[in-house]
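Work through the exercises below with the model open beside you. Try each task before you read its solution.

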Protein chains: 4
Amino acid sequence: MTSADETRTGVWLVGARGSVATTAVSGCAALAAGLLPPTGMVTETPPFADCGLPALASLVFGGHDTATTPLPKRAEELAAQGVLPPWLPTTVQGELAAADEHIRPGGPVPGDSRATEELIADFATDLRTFARTTGVARTVVVNVASTEPDPAHGAWPASSLYAAAALRAGCPYVNFTPSTGLSHPQLAGAARASGLPYAGRDGKTGQTLLRSVLGPMFAQRALAVRAWSGTNLLGGGDGAALADPAAAAAKNAGKERVLTDTLGTRVEGEVHIDDVPALGDWKTAWDHVAFDGFLGTRMVLQTIWQGCDSALAAPLVLDLARLLARAHERGLSGPLGELGFYFKDPDAEGSALAEQYTRLLTLPGRLGGTR
Amino acid sequence: MTSADETRTGVWLVGARGSVATTAVSGCAALAAGLLPPTGMVTETPPFADCGLPALASLVFGGHDTATTPLPKRAEELAAQGVLPPWLPTTVQGELAAADEHIRPGGPVPGDSRATEELIADFATDLRTFARTTGVARTVVVNVASTEPDPAHGAWPASSLYAAAALRAGCPYVNFTPSTGLSHPQLAGAARASGLPYAGRDGKTGQTLLRSVLGPMFAQRALAVRAWSGTNLLGGGDGAALADPAAAAAKNAGKERVLTDTLGTRVEGEVHIDDVPALGDWKTAWDHVAFDGFLGTRMVLQTIWQGCDSALAAPLVLDLARLLARAHERGLSGPLGELGFYFKDPDAEGSALAEQYTRLLTLPGRLGGTR
Amino acid sequence: MTSADETRTGVWLVGARGSVATTAVSGCAALAAGLLPPTGMVTETPPFADCGLPALASLVFGGHDTATTPLPKRAEELAAQGVLPPWLPTTVQGELAAADEHIRPGGPVPGDSRATEELIADFATDLRTFARTTGVARTVVVNVASTEPDPAHGAWPASSLYAAAALRAGCPYVNFTPSTGLSHPQLAGAARASGLPYAGRDGKTGQTLLRSVLGPMFAQRALAVRAWSGTNLLGGGDGAALADPAAAAAKNAGKERVLTDTLGTRVEGEVHIDDVPALGDWKTAWDHVAFDGFLGTRMVLQTIWQGCDSALAAPLVLDLARLLARAHERGLSGPLGELGFYFKDPDAEGSALAEQYTRLLTLPGRLGGTR
Amino acid sequence: MTSADETRTGVWLVGARGSVATTAVSGCAALAAGLLPPTGMVTETPPFADCGLPALASLVFGGHDTATTPLPKRAEELAAQGVLPPWLPTTVQGELAAADEHIRPGGPVPGDSRATEELIADFATDLRTFARTTGVARTVVVNVASTEPDPAHGAWPASSLYAAAALRAGCPYVNFTPSTGLSHPQLAGAARASGLPYAGRDGKTGQTLLRSVLGPMFAQRALAVRAWSGTNLLGGGDGAALADPAAAAAKNAGKERVLTDTLGTRVEGEVHIDDVPALGDWKTAWDHVAFDGFLGTRMVLQTIWQGCDSALAAPLVLDLARLLARAHERGLSGPLGELGFYFKDPDAEGSALAEQYTRLLTLPGRLGGTR
C-alpha cells in the first residue's frame, strides 16, 4: 500500500476496454512520452497552461468492464483498423498492461444475483481499492461505456450504479455518454450533498459539434432553417448499440436539443443512426439543411463528416478527467457549467459552441494558479 | 426640388442594374409592403429594433450602372431564374421603375475621354442631384458592381472613382465587393478627413461565411487542419468576372485570410472559382477539409453550399445601408469595426463569426435610441 | 359520340391530379406545340423515330383521382414550386382543362359501400365511356398514384382494382409505382388470358437509376462493396406516403433488388425515406458506398442526387404510354421485358441499366415500321 | 544464365519504385501466396479463368526508375500510409528485394550526355539482360511513371524512349499514363512493323471511371447535361506532377473525351487537379453535374470518390501485364481495342464502360484455351 501521492491522479473508466478508453490510455502514454503532439486536447492549449491541471504523465488508469480482452490486445486491434498508429501498441505496451491490471469486471453480468445496493457497494469498493493500491490523490470516474437504452421507469441502469458508486467513494464524475448515469432521479439528492464536482452528458464529437456552430450561423444571419435532416453511419460497438432504437432515442434527443436551442425553434427533420460494421471505428455523418434566404429563396447546405469516433472522444475524455481532478482539488462542487463546450446535453444553458468556449475559458481562473 | 426630408434615406447602388441591386430594390419594396417576412435581414431581428434605423419604406434607391436594361425587366429575368418569386416583379413594378429613373450611366464607359478628376466630379454631381431631387436626408453609397481585377499600381479603378465621389458628396460608403473602392492609397487621407462613416470590404455570403464558423471550431477543439481546399461554381455576372484570374485573386485573398485568422496558421489548399453559366445566379461551393485528430488520425469534413448569390447578398446590402445611414445621422465617423460580421476583409481584427456577431451587437447601443 | 379514330390514343392516368400526371399532361401539350425540347423523353431519340409511335399531339388524357383540385390549378401550384416553367400553366390551360373533364373520382372513397366487383365494373365503365366519348383508337392505363402500403393477404388494394378494370376494358396497362397493380395473385390468370401488353413496376427515376449504373461498375471492376447505405429526403405526396414504413418497404425492396442483382450478392446497408415537406416536389438522395479495393484497401463513393420527382417521372410516363399503345396496335401481348430499362422491379431479369438499354433498343424492331 | 522458361513471364515497370509499382509487386506476391483475395483484379473473375493467362506466381518483376529508395523500404512507407496492410511489407520482403535487384536507373538523368538513340539502345539492353538473366519467356513493359508534361514538338519525352526500347527488344507494351509513350509520331511506323501487341493509354481509375458510367446514363435517359465540373485533390507523386498545368492538360484531355464521347456533345465545365500533400496516396474527386430534366427543370448530381490511387491502379496493371503476355504468346499484334475498358484514351472508339466491358469479354475467346 502506497501513501496518498499528491502528484498522481486516478482516472477510472467505465467501459475500460472499449475503443475510447483504449485510445485514451494509449494516447496519454504516447503524449506523456513526447512521441506525438497533443492534437485534439483542449487542455494542452495556452489558456490552460497555468491552472494547475495534473500532468498527463501523472494519470493512473483503471476501470470497470465486463469484456475481457486485455488492453494491449485491444490496442493492436485498433491499430489494425488505423485508429492508432501501427507502432503505438508495442511502444506503450507497458502502460496498457499496467492499466489493464486495474480493470475490474463491473456488472451486472448475465445471471448476476447481486441486488442494486450490493452492486453499488462492490463498485465503490473497487474504486477505494484502486486508490489505496495506486496511492493516487483522487480518482475521476468517467463513463465511456456503450450507450444504454432508456431505462424502464424506476429501474437502475448500470450507468447509474457506477455513478452512485463514484459518489459513495468520493470521486468526481463525468458522463461522456447519453446514458442516465448521475441523472437518475434517485441520485439527485446524493449528488447535491456529496460536495463533489461533476459534468455531463454525452460528448459532442461529430455531427452535433458541427451543428453547434452551424445552427448559430443561421440564426445570426436571420436565415430560416426549414428542415435539418441527418444520417449517421457507424460501425464498432457504438453502431451496434445505437441500432437499438431505444438507445438511439437518447442520443438523438441531444442532437435535436442543440438545433432547437441555437435556432430558437424546433425544425423539421429526422436523424438516422445506422450500424454499418464495415466502417469499423469510423463514422460518417451526412447533414442536409434546407433553408430559406431573402424573399423565401430556397437554399441548401450539406455537410459530410468522416471521423474516427475514438480519436474524437479520447482527447476530450483526458481533458475532462484533468479538469475534474483539478476542480476537486480546489473544492469546486456541483455541476460544472463551464464544461458545456464538451457535451450535447450540458449542465448549463445554451448550445452555441462559441459561447460555450467563451465560458470554458473562464474555468482556468476558477481553477486557480499553478499547483 | 424637394426640401430635405428627415424621414427618407437615399441608397445609391454602384452596379444598380445588377442582380444584387435588383433583388435589394425588389425585396425592399416587398418587405415594406408586408408581402414577405424579412428572412436574411439582421437589422430586422430584435437586437436592432430600437436603435433608430430608417424604415425600409423610407429608403429611396438610385445608382450608377453602365448597363441599360431597366430594373423592371431585370426583375423579370431574375424571377424566370427562380431568384425572385414569380409574382414579385409585377407587384413591385412601380418601385422598380421609380428606382430606375434615378440610375445614371456612371463610367468610365468605353471611349470615355473624361479624366479621373472629371469622372469623380461627375459622379459626385449625380449624387447631389439625386439628393436634391428626392429630398432625402442623406445618401449611403454601396458598391455592388462586379469584382474588378486588381488595378495596376497607381491607376484609379472605377470602384475608387465612385468611392471618391461619395466622399466628395458627403455620403457614407460601403464596399460590398473585393474591389479597391475606398482602400485606394490616395483616398486614405480624404476618408479620414471626411468625418463620414464607412465599412467594407467584400460581403461574406457563402463559402467564407461557413469558413468563419468552421475555422474557429477546429481551433477551439485543437484539431489540426492539414489542408482546406475549395471549389466555387457560379454563373451570372460574378462567375464571368471571377473567371478572370486577376479578379479571382482579390476574392481568394479574402477567403484565405479568414482561414489564416481563425486557425492561427496558414494552411495548404487552393480555391477555384469557375464560371458555369448554366447555373445562372446560383452558386455551389464545395469545401474539403483534411484534418488530424488525436494521435494524428486523419479525418475529413466536406461542405456543399448551394445558394442564390443575390438572395444572400441583398438583405445584407439593405442592412448595411440602414446601419450606415443611422451611423451618419448620429455623427459616427471612420471605419465601423462593428460591421466585420458582414465582410471577408473587415476593418476590424478577427474573423470568427461568433466574435464578430458579439461585436455587432454592441452597435445598437452606439447608434442610440429611437429616431 | 365520335367514331374510333386511329390517329388518337387515350392515356388514362390513375392518380390523374397528382404531380406526375399534371406534369405529364402539361408537358405533352408544351412539347406538342413545340414550345420546349423533349428533354428526358427516350421515345423522342433517334432509335424510336420510325417505329410508329403515336404522336404526342395525338394523346388524349383522362384518369381517376379522388382529389378534386382541377388540373389547371394543380399546374399553377407546381409552377409556383418551380416544377413547371412559370409561363406554362397559362399557355396550356386549354389542354389541362380538357383533360380535367375526363377525370372520374375513382375509389374506393371513404365510406364507399361498393364491393370489389362493383368497383372494378365502375372503373371499367369509366374507361369505356372515355374511349367512346373521345373516339380514341385505344387507351393505355398508367398507374401514377401514391404508393400504397403492402396489402393484407388476400385483400384487393385500389391499384389492383384499377388494373383489373384495365384488363376488363381491354386496355394495355403500366404500373409506374411499387403498388401491387397487376401483380395481384388473382389477376395473373386474367392478365395472361387478356392478350394485352403490359409493363411494370416502379419507375426508376433517381437513386435506383444511379444504382443501376454504379452497381455494374463495381462488379465489372471486381471491387468488393462492403456496405451501401442511403437516405432519401422528399416532400410532396410521395414523401408523406412513404413515411409510412409499410409503403416504404415496397419501395425499398426494389432498391435492394437492383444492388443484389448487379453486385451478385446481398450487401449491408439501410435505405431511409424521410418526409420533408419543406422540399416540396424536390427530392434529395444521398448514397454512401463503402468498398474494398486491391489488398482490402477501404474506399468510399458518395452520391447526391437532387431532382424534381415529377419532372423525372413524367417523360417516362409519356414514353411508356406511347410504347404500350403501339405494342397493342401491333398485337404484342404479355409483359414487355424490353421495358425493364424503366423499372426498379422489371418483368425481365437483369438490373444493369446498360443491358436494359441494349434490350430496349430491340423494341423498335418489334414495333415495326411507320404507321 | 537461365534458358527461356515458358512458365515465367517478365513484367518490366517503367517507374518501378513508384507507389503503383510497389503496390503491384507487393500485391502480386500476397495473392500468389493466397494471403488476400484478388479484389480489384478483373483477370481473376470467371470469364478469364480458361484463357491461358500466366499465373500470378509466374510473374517476374523488374523495371526502370531514377529513384533509388529500395522496394522493401517503399513498401514500408506505403504501409505507414495505410495503402498496404501493415503486415504485408515484412511478409513479402523477399519478393520485393528480388524485384529491386532487377531495377535499372533508366533516364535521362540530370546531366545525362547520352543522345536519344543511345538512351533507347541502353534501355533495350536492360530489357534483354533482364530476360536473359531471369529466363522469362517474354517481358511486358508497362509505363507507370509520373505523368510527363506534353513534350515540345518533335522532342522525345522519356516515356517514348522507353516505348521505343520495348519495340526494339520485342516486348509488348502498355501505357498506363497520359504520357506520350508509343503515341509519339516517330514510333507509329515501328509499332506497326513490330508485330507486337500493345495497349493504352491512361488508366481509368477514379473520376473518369465514374464518368464512363454516368455519362451514358444521362444520354440513355435523354437528360441534357448543362455543365460537368470537377475537382481532384491528390497528394503523392502524382499530385505534385499534375500540379504542373502542362501535365494536367494531358490528363484532363482524357477526362473530357469520355464526357464528349458518351454525351455526344461537348459540355461546359472545368476540371481541377490540386496537389494536396496532406492526402498522401489518397485522392478525392468531386464532380458536380448540372442537368436539365423534362421541361427544362434544373437538377444536380454530385459524386465524391475517395480512393487510394495505387490500390486502384495496381490490380489493373497486373491485369494488363497478364493479358498482353498471353496476347503476345498467341501472336496477336497491334493495338488491342478490347482493352478500352481500362483506359481514358483507348485505342478503340466508344467510352461507355458497359460497352467496353462487353468488348473486353470477347478477348478471352481470342486468347484461346488453357496454356
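**Exercise 1. Strand β7 of chain C**

Solution. Start with burial. Buried means under 20% relative accessible area, exposed means over 50%, and partly exposed lies in between (1.4 Å probe, protein chains only). Strands (E, at least two residues) and helices (H or I, at least four) are DSSP runs, numbered from the N terminus.

Next, look for partners. Two strands pair if DSSP finds at least two bridges between them. Strand β9 (residues 282-292) of chain C runs antiparallel to β7(C), and ten bridges join the two. In that pairing, C:Trp228 has C:Val289 as its bridge partner. Strand β8 (residues 271-275) of chain C pairs with β7(C) in the parallel sense, over five bridges. Here C:Thr231 stands opposite C:His272.

A note on the model: it is predicted, local features need pLDDT of at least 70, side-chain atom pairs count only at pLDDT 80 or more, and totals for chains, interfaces and linings use all residues. Residues are numbered from 1 along each chain as its sequence is written, chains are lettered from A and ligands numbered from 1 in the order in which they are written, and side-chain values use heavy atoms, leaving out hydrogens and water.

**Exercise 2. A loop residue of chain B**

Task: Locate B:Ala278 and list what it touches beyond its sequence neighbours.

Solution. B:Ala278 sits in the loop between β8 (271-275) and β9 (282-292) of chain B. Then check its accessibility. The relative accessible area of B:Ala278 is 7%, so the residue is buried.

Now find the contacts, meaning heavy atoms within 4.5 Å. Setting aside neighbours within four places in sequence, B:Ala278 contacts D:Arg226, D:Ala227, D:Glu268 and D:Arg298. Within its own chain, compare B:Gly235: it is 43 residues away along the chain, and the C-alpha atoms are separated by 6.4 Å.

**Exercise 3. Where chain A meets chain B**

Task: Describe the interface of chain A and chain B by area, contacts and composition.

Solution. Begin with area. Chains A and B bury about 4,500 Å² between them, 70% of it on carbon and sulfur atoms. Buried area is the accessible area (1.4 Å probe) that two parts lose on being put together, summed over both. On the chain A side, A:Arg221, A:Phe294 and A:Leu295 lose the most area to chain B, together 22% of what that side buries. Each chain brings 56 residues to the contact.

Turn to polar links. There are zero salt bridges between chain A and chain B. A salt bridge needs a side-chain nitrogen of Lys or Arg within 4 Å of a carboxyl oxygen of Asp or Glu. The rule does find 13 residue pairs in polar contact across the interface, both residues at pLDDT 80 or more. A polar contact is a pair of N or O atoms within 3.5 Å; within protein, one must be able to donate a hydrogen and the other to accept it, and residues adjacent in sequence count only if both atoms are side-chain atoms.

Which element gives the largest share of the chain A side? That is β10(A), with eleven residues. Seven bridges join β10(A) to strand β10 (residues 298-308) of chain B, and the two run antiparallel. In this pairing A:Leu301 stands opposite B:Trp305.

Finish with composition. The chain A side has 39 nonpolar, 13 polar and four charged residues. Ala, Val, Leu, Ile, Met, Phe, Trp, Tyr, Cys and Pro count as nonpolar, Asp, Glu, Lys and Arg as charged, and the others, Gly among them, as polar.

**Exercise 4. Backbone exceptions**

Task: Find where the cis peptide bonds from A:Gly200 and B:Gly107 lie, then examine phi of C:Ala222.

Solution. Recall the background: most residues other than glycine have a negative phi, and most peptide bonds are trans. In chain A, the cis bond joins A:Gly200 and A:Arg201, with omega about -10 degrees. A:Arg201 belongs to the loop between β6 (197-200) and α8 of chain A. In chain B, the cis bond runs from B:Gly107 to B:Pro108, with omega near -5 degrees. B:Pro108 is in the loop between β3 (103-104) and α5 (116-134) of chain B.

Last, phi. C:Ala222 is not a glycine, yet its phi is positive, about 60 degrees. C:Ala222 lies in the loop between α8 (207-220) and β7 of chain C. Its relative accessible area is 17%, so C:Ala222 is buried.
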